[in-house]
Amino acid sequence: MTPGLIIKAEANFYSVVIDDMEYLCTVRANIKKAGTTLRVGDKVYLEGLEYERPAIKEVLPRRNTLKKPAIANVD
């Protein structure tokens, strides 16, 4: 499974790119309960790609983070 990259965050939805395909995703409840804040630049794994609205099921560790603007994994 290939990880995706969050390119946009709006309200409770995230645009994730995997292999030149863009998906509008929601977040699994276990990620919200853990208190994880998703940022543009995070690498994530998705589930349910066959459905209209896949879900982010796992967030990979970050290399670095900026607070303003709220982005991650900046090179």
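This is a predicted model: local features need pLDDT of at least 70, side-chain atom pairs count only at pLDDT 80 or more; totals for chains, interfaces and linings use all residues.
A residue counts as buried when its relative accessible area is under 20%, as exposed when that area is over 50%, and as partly exposed in between (1.4 Å probe, protein chains only).

Residues are numbered from 1 along each chain as its sequence is written, and side-chain values use heavy atoms, with hydrogens and water left out.

**The whole chain**

Begin with the complete chain in a cartoon view. It contains 1 helix and 7 strands; helices (H or I, at least four residues) and strands (E, at least two) are DSSP runs, numbered from the N terminus. Followed from the N terminus, the order of the elements is β-β-β-α-β-β-β-β. The radius of gyration is 12 Å, close to the 11 Å of the globule rule for 75 residues, so the chain is as compact as a globular protein of that length. Here the radius is taken over C-alpha atoms, and the rule is 2.2 Å times the number of residues to the power 0.38. Along the principal axes, the C-alpha atoms fill a box of roughly 35 × 30 × 20 Å.

Of the 75 residues, 31% are buried.

**D42 and R62**

Select D42 and R62, whose side chains meet in a salt bridge of 2.7 Å, N to O. The term denotes a side-chain nitrogen of Lys or Arg within 4 Å of a carboxyl oxygen of Asp or Glu. D42 belongs to the loop between α1 and β4, and R62 to the loop between β5 (55-59) and β6 (65-66), so the pair ties together parts that are 20 residues apart in sequence. Is D42 buried or exposed? D42 is buried, at a relative accessible area of 0%, whereas R62 is partly exposed at 32%.

With neighbours within four places in sequence left aside, T37 is in contact (heavy atoms within 4.5 Å) with D42 and R62. T37 is partly exposed, with a relative accessible area of 49%. From the C-alpha of T37 to that of A72 is 11 Å in space, although the two are 35 residues apart in sequence.

**The other salt bridges**

How many salt bridges does the structure hold? It holds 3. Select R28 and E47, whose side chains form one with an N to O distance of 2.4 Å. R28 lies in the loop between β3 (21-27) and α1 (29-33), and E47 lies in strand β4 (residues 43-47), so this pair ties together parts that are 19 residues apart in sequence. Both ends are partly exposed: R28 has 35% relative accessibility and E47 has 29%.

Then select K8 and E10, which are joined by a salt bridge whose closest N and O atoms are 3.7 Å apart. K8 is partly exposed, at 39% relative accessibility.

S15 is buried, at 6% relative accessibility. Which residues does S15 touch, leaving aside its neighbours within four places in sequence? The contacts of S15 are L5, I6, I7, K8, E22, Y23 and L24.

**Backbone details**

Most residues other than glycine have a negative phi, and most peptide bonds are trans.

- Select D20, in the loop between β2 and β3. D20 is not a glycine, yet its phi is positive, at about 65°. D20 is exposed, with a relative accessible area of 79%.
- Select N73, in the segment after β7. N73 also has a positive phi, of about 55°, without being a glycine. N73 is buried, with a relative accessible area of 11%.
- Select K68 and P69, where the peptide bond from K68 to P69 is cis, with omega near -10°. P69 is located in the loop between β6 and β7 (71-72).
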